[in-house]
Amino acid sequence: QVRLVESGGGLVQPGGSLRLSCAASGSILSINAMGWYRQAPGKQRELVATITSGGSTNSADSVKGRFTISRDNAKNTVYLQMNSLKPEDTAVYYCNLRGYGLGYSYLELWGQGTLVTVSS
């Protein structure tokens, strides 16, 4: 059983910072990429940022220069450092993992989501 456990969401004022963490555990043979997506009320889920096992990153234009994704391969953990937060960053943030489990079965998992609210 593979699971993702997220932490770090909460309420922050505009201009503030938060750091999200997502740890993967269970029978994982390899992880190709981990990342963060978000879904605001009434909107579709959208990409925030992803990072491969080799360290290549991809991020949405709306967060470039403000958010930084990083990864600790030894801990199967991905982080999202969010700075200069804006009210429009308010959303439920979901962790995503793509890789392989036992028997080289393909895995794509989602975390339970963590709420980030940016408001004064």
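**A strand hairpin, a disulfide and a salt-bridge network**

In this predicted model, strands S9 and S10 run antiparallel and are joined by five bridges. Together, S9 and S10 form a hairpin with four residues between them. Strand S9 covers residues 91–101 and strand S10 covers residues 106–110. Within the pair, Gly-99 stands opposite Leu-107 of S10.

Strand S10 presents two faces. In a regular strand, the side chains alternate between the two faces of the sheet. The covered face of S10 carries Leu-107 and Leu-109, whereas Tyr-106, Glu-108 and Trp-110 belong to the uncovered face. Glu-108 has a relative accessible area of 36% and is therefore partly exposed. The side chain of Glu-108 meets that of Arg-98 in a salt bridge, with an N to O distance of 3.2 Å. This pair links Arg-98 in strand S9 with Glu-108 in strand S10, 10 residues apart. Arg-98 is likewise partly exposed, because its relative accessible area is 32%.

Gly-103 in the turn has a positive phi of about 70 degrees. Most residues other than glycine have a negative phi. Tyr-104, which lies in the loop between S9 and S10, is not a glycine, yet its phi is positive, near 55 degrees. Tyr-104 has a relative accessible area of 65% and so is exposed. Leu-102 is found in the loop between S9 and S10 as well, and it counts as exposed because its relative accessibility is 58%. With Leu-29, the residues Leu-102 and Tyr-104 form a nonpolar patch on the surface, and the accessible area of the three together is about 380 Å².

A positive phi in a residue other than glycine also occurs at Asn-76, where the value is about 50 degrees. Asn-76 is placed in the loop between strand S7 (67–72) and strand S8 (77–82). The relative accessibility of Asn-76 is 25%, so this residue counts as partly exposed.

A disulfide is a covalent bond between the sulfur atoms of two cysteines. The structure holds one disulfide, formed by Cys-22 and Cys-95 with their sulfur atoms 2.0 Å apart. The link is left-handed, with -85 degrees about the S-S bond. Because Cys-22 lies in strand S3 (residues 18–25) and Cys-95 in strand S9, the pair ties together parts that are 73 residues apart in sequence. Both Cys-22 and Cys-95 are buried.

The charged residues complete the picture. Side chains of opposite charge can pair when their charged atoms come close. The structure holds five salt bridges, one of which is the Arg-98 and Glu-108 pair described above. Another joins Lys-64 to Asp-61, with the closest N and O atoms 3.3 Å apart. The two partners fall into separate accessibility classes: Lys-64 counts as partly exposed because its relative accessibility is 49%, while Asp-61 counts as exposed because its value is 67%.

The salt bridge between Asp-89 and Arg-66 has an N to O distance of 2.7 Å. Asp-89 lies in the loop between S8 and S9, and Arg-66 in the loop between strand S6 (57–59) and S7, so this pair ties together parts that are 23 residues apart in sequence. Asp-89 and Arg-66 are both buried.

Which residues belong to the network of salt bridges that share partners? Arg-38, Glu-46, Arg-66 and Asp-89 are joined into one network in this way. Arg-38 is situated in strand S4 (residues 28–39). Why does Arg-38 count as buried? Its relative accessibility is 6%, and buried means under 20%. Leaving aside neighbours within four places in sequence, the contacts of Arg-38 include the network members Glu-46 and Asp-89. Among its other contacts are Gln-44, Arg-45, Val-48, Phe-67 and Glu-88. Arg-38 also contacts Ala-91, Val-92 and Tyr-93. Arg-38 and Ala-91 are 53 residues apart in sequence, while their C-alpha atoms are 5.9 Å apart in space.

Key
Residues numbered from 1 in each chain as written. Predicted model: local features only at pLDDT ≥ 70, side-chain atom pairs only at ≥ 80, totals over all residues. Heavy atoms only, no water. Patch = residues over 30% accessible without salt bridge, like charges linked within 9 Å, V, L, I, M, F, W, Y side chains within 5 Å. Areas by Shrake-Rupley, 256 points an atom, 1.4 Å probe, with all protein chains shown as cover. Buried < 20%, exposed > 50% of the residue type's maximum accessible area, 1.4 Å probe, protein only. Pairing = 2+ DSSP bridges. Disulfide = S-S within 2.5 Å. Contact = heavy atoms within 4.5 Å.
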